[in-house]
Each structure stands twice: as C-alpha cells, then as structure tokens.
Amino acid sequence: MPRLLAVDTHVHLDFEAFDPDREEVILRARENGIVGLLNVGIDLRSSEAGIRLAESHEGVWAAVGVHPHDVAEITTAHVEALGEAAKHPKVVAIGEVGLDFYRDLSPREKQREAFAWFLELARERQLPVIIHTRAAHKETLEMVRRESEKGLLRGVFHCFSGDREVAEEVLGLGFHISFCGNLTYKNSRLAEVLRFVPLERLLLETDSPFLPPEPHRGKRNEPVYLHLTARKIAEVKAVPLSEVLARTTQNAIELFGLPPSLIGEGD
Ligand code: NI
C-alpha cells in the first residue's frame with residue numbers, strides 16, 4: 001500500500017503549547033506521512049520564529065503576517081519588515097491576516113487598514129495570502145475583490161466558517177478553502193458547505209494547537225491529527241481518502257510553490 005502523504009497548510013508550532021515536545025511533534029507528523037508543514041505567523045515575533053523553525057527543519061515552511069487580533073499597534077514599518085522577511089526562501093505565503101469582527105480584539109478601522117496593507121504586499125510579491133475572517137465575510141470578500149482588480153491575487157480562506165454563498169464567492173475569486181477540525185464536530189454545519197467545494201480547491205489544515213478534530217476535541221491539536229479531518233472530507237464527498245490526500249497535497253504544492261518532489265519521496 002502506498003504511503004498516504006499530506007500537507008498541513010496551517011500550524012502554529014512556534015506557540016508555547018509546543019515548547020515541551022516540539023521536535024517530537026514534528027517527527028511524529030513526518031513519520032505519519034505529513035510531508036509538509038506550513039507554520040503561520042500571527043505577529044512579528046511568531047513570523048520570525050516560524051522562519052527559524054523552517055530553516056532548521058526539512059519539510060517545514062513559513063508564512064509571515066499579523067493576525068487581526070494583533071494589529072492594534074501595527075505600522076507600515078512593521079509591514080515593510082515582514083516584507084523583507086518574506087524574501088527568505090522558505091517563506092511561501094503572507095498570513096495569517098484578515099478581519100475578525102467576532103472577537104474585535106483590535107479596532108475594526110485598524111483591522112481594515114492592516115489587512116489592506118497585507119493584501120497589497122501579497123499581490124506585489126505574488127505570494128499567496130492566508131486569510132482569517134470571522135463575522136466579517138462580506139467585507140473580507142470585498143477587500144479581496146478590490147485588490148484582485150489590481151492584479152493576480154491567490155490564497156486561502158482558512159478555518160472556513162462561512163455558508164454556501166460565501167464559499168461560492170471565495171471560489172469565484174479563484175481562492176482556496178480549508179476546514180479545521182471543527183468540521184468533525186457534532187452539529188457542525190460545515191459538512192453541508194464542504195459538499196459544494198470541489199476537491200481541486202481544498203487544502204488540509206489542523207490550525208494546531210487549536211480546534212482538534214474528534215475524538216481529541218478540547219485537547220491540544222497537532223499535525224498528526226490531520227488524517228481525521230481528511231477522513232471526514234472523504235466521507236462527506238464520498239471519495240477515497242487517498243484521493244483527498246493526493247489532490248489536496250497537489251493543491252498545496254501548486255498554491256505555495258512547494259517542491260513537487262514532496263510527492264515523489266515515498267518509500
Ligand atoms: Ni491560525
């Protein structure tokens with residue numbers, strides 16, 4: 001039987017939650033067929049930490065950005081610094097960036113301003129953008145559309161929480177969609193949305209250490225649980241798990257420009 005390879009396109013392995021066993025977590029992922037890990041930044045410090053992690057580990061890449069929760073104090077100088085950091089060969093995306101009007105931890109006006117800066121940076125550099133949006137789908141889509149009119153902009157709406165109409169708009173803009181472990185939760189309406197998202201536009205992610213799939217709900221999430229969400233996707237879309245993994249891995253390679261040899265390196 002071929003090894004089932006997958007790419008976890010959204011992890012926060014630099015977080016404190018992984019201080020006790022970071023190396024083991026990465027090794028465990030690798031041993032279980034997770035051939036790629038994309039560490040996503042939430043501020044300057046975590047973006048830098050992600051780059052260091054990527055430098056020191058084969059199969060780990062980094063995205064740099066500032067989460068909408070953390071943009072209150074951000075200036076254009078910070079964005080420029082991240083733009084410089086993004087020149088690193090293992091930086092493959094801008095993220096995570098976006099709008100969060102659910103928790104409103106930063107002033108909305110500031111969130112809009114920062115998100116606009118990052119969208120521009122992503123387009124100018126031709127790097128995909130990893131978008132966090134919560135209770136702000138309409139405005140997020142509008143901002144992405146406006147930036148897309150200036151030139152090609154690609155990316156992913158991560159930890160998707162919108163409805164079918166939002167999903168259709170995201171797909172219409174040429175963006176990808178990924179679901180977190182909450183797809184597996186009882187009473188989740190996300191499976192209904194997933195039915196309308198073609199495999200060609202799906203990515204896999206855990207968002208570790210957050211939102212672990214069942215039966216690990218309430219505990220720390222880690223990349224090795226990615227297969228549980230992938231299994232749920234296979235079930236909802238009524239296709240073999242191997243097809244979900246092969247397609248989403250190919251999607252991740254294409255969107256983030258990862259080496260195609262990731263697939264070919266099986267035993
Ligand atoms: Ni995240």
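Setting aside neighbours within four places in sequence, C180 touches C159, E205, D207, L211 and T229, where contact means heavy atoms within 4.5 Å. The model here is a predicted one, so local features need pLDDT of at least 70 and side-chain atom pairs count only at pLDDT 80 or more, while totals for chains, interfaces and linings use all residues. Residues are numbered from 1 along each chain as its sequence is written, and side-chain values use heavy atoms, with hydrogens and water left out.

C180 sits in the loop between strand 7 and helix 7; helices (H or I, at least four residues) and strands (E, at least two) are DSSP runs, numbered from the N terminus. With a relative accessibility of 0%, C180 counts as buried. Buried means under 20% relative accessible area, exposed means over 50%, and partly exposed is in between (1.4 Å probe, protein chains only). K138 is 42 residues away from C180 along the chain, and 21 Å separates their C-alpha atoms.

Next come the pockets. On a 1 Å grid over the protein atoms alone, a pocket is an open set of points with protein on both sides within 12 Å along at least five of seven lines, and lining residues have an atom within 4 Å of a point. Grid points are joined across faces, edges and corners, and a volume is the space filled by probe spheres set on the points. The largest pocket holds about 790 Å³ of space. It is lined by 32 residues, and R134, C159, S161, N182 and L211 are the closest to its centre. Two or more lining residues come from each of strand 4 (91-100), strand 5 (129-134) and helix 7 (190-194), with strand 5 giving the most, at 3 residues. Sorted by class, this lining has 10 nonpolar, 11 polar and 11 charged residues. Here Ala, Val, Leu, Ile, Met, Phe, Trp, Tyr, Cys and Pro count as nonpolar, Asp, Glu, Lys and Arg as charged, and the others, Gly among them, as polar.

R134 also turns up beside a ring: its charged end sits over the ring of Y102, 3.8 Å from the centre. For this, NZ of Lys or CZ of Arg must be within 6 Å of the ring centre and within 35 degrees of the ring normal. R164 does likewise with the ring of F196, at 3.5 Å from the centre.

The second largest pocket has about 250 Å³ of space. Its lining includes D14, F15, E16 and D19, and helix 2 (residues 44-56) gives the most, with 4 residues. By class, the lining splits into 4 nonpolar, 1 polar and 6 charged residues.

As for aromatic pairs, the whole structure has 3. Rings of Phe, Tyr and Trp (its six-membered ring) pair if their centres lie within 6.5 Å; planes under 30 degrees apart are stacked, over 60 edge-to-face, and the rest tilted. F15 and F210 make an edge-to-face pair, 5.8 Å centre to centre with 80° between the planes. Because F15 lies in the loop between strand 1 (6-11) and helix 1 (22-31) and F210 in the loop between strand 8 (202-204) and helix 8 (226-237), the pair ties together parts that are 195 residues apart in sequence. F15 is buried at 17% relative accessibility, whereas F210 is partly exposed at 40%. F157 and F175 form another edge-to-face pair, 5.7 Å centre to centre and with 80° between the planes. F157 is buried at 1% relative accessible area, and F175 is buried at 0% relative accessibility.

Terms used
On a 1 Å grid over the protein atoms alone, a cavity is a set of points where a 1.4 Å probe fits but cannot get out, and a pocket is an open set with protein on both sides within 12 Å along at least five of seven lines; lining residues have an atom within 4 Å of a point.
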